[in-house]
Amino acid sequence: MARYDVFINSLADLPEGKEVQLAIRDLSPGIHKYCYQDVLAMVSPDPEKYDEKMQVRYGRGQAHPQLFSIKIQENVERIPERWR
Amino acid sequence: MYKDNREFIKALEAAGELVTIDQEVDWDMEAGAIVRKVCEDKAPSPLMNKIKDYPGHRYLGAPLANYRKLAIAMGMDPESSIPEIAGEYLERTNREPVKPVIVEKDQAPCKENIITGDDVDLFTLPAPMVHEGDGGRYLATWHFVVTKDPDKQEVNWGMYRQMVYNSKIMTGPLFPFSGGGQVFHGKYVPRGEAMPFATVIGPDPLGAIAGSAPTAIPEPEYTGQLLGKPVELVKCETVDLEVPANAEIIIEGYILPDVSIEEGPFGEYTGYRTSPRDTRTVYQVTAITHRNDPITTISNMGVPTDEGQLLRSFTLGLEMDRMLRNQGIPITGVYMLPESTHHLVVVGVKPLYTNIAAQIAQTVFGSSLGMWFHMVVVVDDKTDIYNFNEVLHALSTRCHPVNGIHVWQGVGTPLYPFLSAAERKKSVGPKVLFDCTFPLDWDPLSEVPRLVSFKTVYPQEIQDKVLANWEKYGFTK
């Protein structure tokens, strides 16, 4: 089971070995399931490389057949400061 | 008429259009799947009384997804025909607009629970995961969003989908050609100001119809026309807007002018997930108010027929009817097929002059209604526009493939599934007219083909005799 999922346009959006900014969804059970987090993270197509598994989905919701793995480096705030 | 969603639910039940589900239903796709099957089967609306993780909350699914429910919402006999419902709707909405009244907070059930500030958490509301593969949980599928023009103070109620992004943010498309979108993109964005909004979930059924209707009349007054009395509004807690006092749930906040965040994909009214995930409008939430034991309304967009398809078809068709008659065009009626996901409209006309079909198509495509549909079928005044078999027969036999089909480029919704990505980006909308009238210069006696049907080729006395003896012959009536 994946802990997170992410929507992408193509697999090129998930370069291995480079830090990438992503909007990921938390799939943990409970009322906050599907809550988004904006993060800087390392990702890999190897599901065992990082601690957390991640499901990849394309732009119209179709799931990629293999799980990825993800390591979150830090959270990102996307709302401009004057609106926070 | 019903003051709120709860009185409407009782009326649905009395008419056999409600199924009450007391066993626990999961908000994570199960509720969505129930509503989807209800739409496809044209089944009664499900009232779900126990939602996993959300004690005290309830769902009402597919509240208006067939014409029987629409008749009930209008306070009419559920067996009313489509032309009867349409006639009643036009009669009411041709009356003077009815201004709303403001009631005090203590008379507004939607204020029974008030959550503001740090306590606001959208995940305390049971937003369903409507379809597998959706970009998120959609709280707003059968609702309307209240906004106000900052200069004219004109209020708009519009139905724009909203996805829960995190505890205080929703995202969704707010197209520049929609009522609320025009004000946001035309006034607030250039000024760099945030636009107040209030999302109304579980409104009374006529308020919801007004929110989905393409009318120039402010929707609170339009609702009053449909109701026959003023709609009761109450002031919001954190924004300068008013909302229906008897609604189930209100979400208040501001639409931010200078940031966009991912939304979608979502199963849409065309029956596809067409528009890919993209960055869209950001709704920052400042307050939630709701009734006790609130009922979240769910519409499940997909293949026909859901309430978006049915009501949008119904109201678009009738606004076109009003517009064409005001132009003096001798139409007999307008019917937009819900099964076409409001993409195909049939117009009946007395063909008094050449190119009258082109005049009709150019008028409706050129109006503010035109971006929501792309196929106009014009039939003569002898064809029953509500009879699918007659319309299909006319289309198949009277429309000349070279002379009767006319194509234009126009403005259209990017949700059309047949558009290329480049067309979608520019909201390009190809349009087509199918002229199913015979040329007027054909001699009616010697050149126009004779329609061969029971009603048209037999003398009246023969028809009468056959009908009078029908059961004697051994047929059932």
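## Close-up views of a predicted two-chain model

**View 1. B:G211 is a buried residue, with 24 other C-beta atoms within 10 Å.** The model shown in every view is predicted. B:G211 belongs to helix α6 of chain B. Which residues does B:G211 touch, not counting residues up to four places away in sequence? They are B:F144, B:W157, B:G158, B:M159 and B:E219. Look at B:W157 in particular. Along the chain, B:W157 and B:G211 are 54 residues apart, but their C-alpha atoms are separated by 5.0 Å.

**View 2. Helix α7 of chain B, residues 219-227, is mostly covered.** Of its 9 residues, 7 are buried. These are B:E219, B:P220, B:Y222, B:T223, B:G224, B:Q225 and B:L226. What covers the buried residues of α7(B)? The cover includes α4 (82-93), β8 (155-158), α6 and β12 (232-235) of chain B. After α7(B) comes B:G228, with a positive phi near 85 degrees.

**View 3. Helix α1 of chain B, residues 5-14, has buried residues along one face.** The buried residues are B:N5, B:F8, B:I9 and B:L12. Seen down the axis of α1(B), they fall within an arc of 105 degrees, so they line one face of the helix. The face turned away from the buried side carries the exposed residues B:K10 and B:A14. On the buried side, the packing partners are β1 (18-21), β2 (45-48), β3 (58-61), α3 (67-73), α6 (205-212) and β16 (295-298) of chain B. Just after the helix, B:G16 takes a positive phi of about 75 degrees.

**View 4. The largest nonpolar core has 92 residues.** Which residues have the most contacts inside this core? They are B:L139, B:M170, B:A198 and B:V243. Strand β14 of chain B, residues 249-263, gives the core its largest share, 6 residues. A second, separate core has 32 residues, including B:V364, B:F365, B:V376 and B:V377. Now zoom in on B:V243. Leaving aside neighbours within four places in sequence, B:V243 is in contact with B:C110, B:V146, B:A198, B:V200, B:L233, B:V234, B:C236 and B:I250.

**View 5. Chain B meets chain A through 23 residues of chain B and 18 residues of chain A.** On the side of chain B that touches chain A, the elements giving two or more residues are β9 (162-166) and β14 of chain B. The largest share, 5 residues, comes from β14(B). How do the residues on this side of chain B divide by class? There are 9 nonpolar, 6 polar and 8 charged.

**View 6. Chain A has 5 strands and 0 helices.** From the N terminus on, its elements run β-β-β-β-β. Its radius of gyration is 13 Å, close to the 12 Å that the globule rule gives for 84 residues, so chain A is as compact as a globular protein of that length. Along the principal axes, its C-alpha atoms fill a box of roughly 40 × 30 × 25 Å. Of its 84 residues, 23% count as buried. Consider the contacts in chain A with a separation of 6 or more: residues 24 or more positions apart account for 46% of them.

**View 7. Chain B is assigned two domains: domain 1 (5-298) and domain 2 (327-456).** Their C-alpha centres lie 32 Å apart. In chain B, 11 residues of domain 1 are in contact with 8 residues of domain 2. The side of domain 1 that touches domain 2 has 6 nonpolar, 4 polar and 1 charged residues.

**View 8. Two residues other than glycine, A:Y34 and B:H342, have a positive phi.** For A:Y34, phi is about 80 degrees. A:Y34 sits in the loop between β2 (20-26) and β3 (35-44) of chain A. Is A:Y34 buried or exposed? A:Y34 is buried, with 22 other C-beta atoms within 10 Å. For B:H342, phi is near 45 degrees. B:H342 lies in the loop between β17 (331-336) and β18 (344-349) of chain B. B:H342 is buried, with 24 other C-beta atoms within 10 Å.

**View 9. Cis peptide bonds join B:G264 to B:P265 and B:P304 to B:T305.** In the bond between B:G264 and B:P265, omega is about 0 degrees. B:P265 lies in the loop between β14 and β15 (278-290) of chain B. From B:P304 to B:T305, omega is near 10 degrees. B:T305 is in the loop between β16 and α8 (307-326) of chain B.

Methods. Residues numbered from 1 in each chain as written. Chains lettered and ligands numbered in written order. Predicted model: local features only at pLDDT ≥ 70, side-chain atom pairs only at ≥ 80, totals over all residues. Core = buried A, V, L, I, M, F, W, Y, C linked by C-beta atoms within 7 Å. Buried ≥ 20, exposed ≤ 12 C-beta atoms within 10 Å, placed from the backbone. Helix = DSSP H or I, 4+ residues; strand = E, 2+ residues; numbered from the N terminus. Contact = placed C-beta atoms within 7 Å. Nonpolar A, V, L, I, M, F, W, Y, C, P; charged D, E, K, R; others polar. Domains from an automatic or database assignment. Arc of directions from axis to C-beta. Rg over C-alpha atoms; globule rule 2.2 N^0.38 Å.
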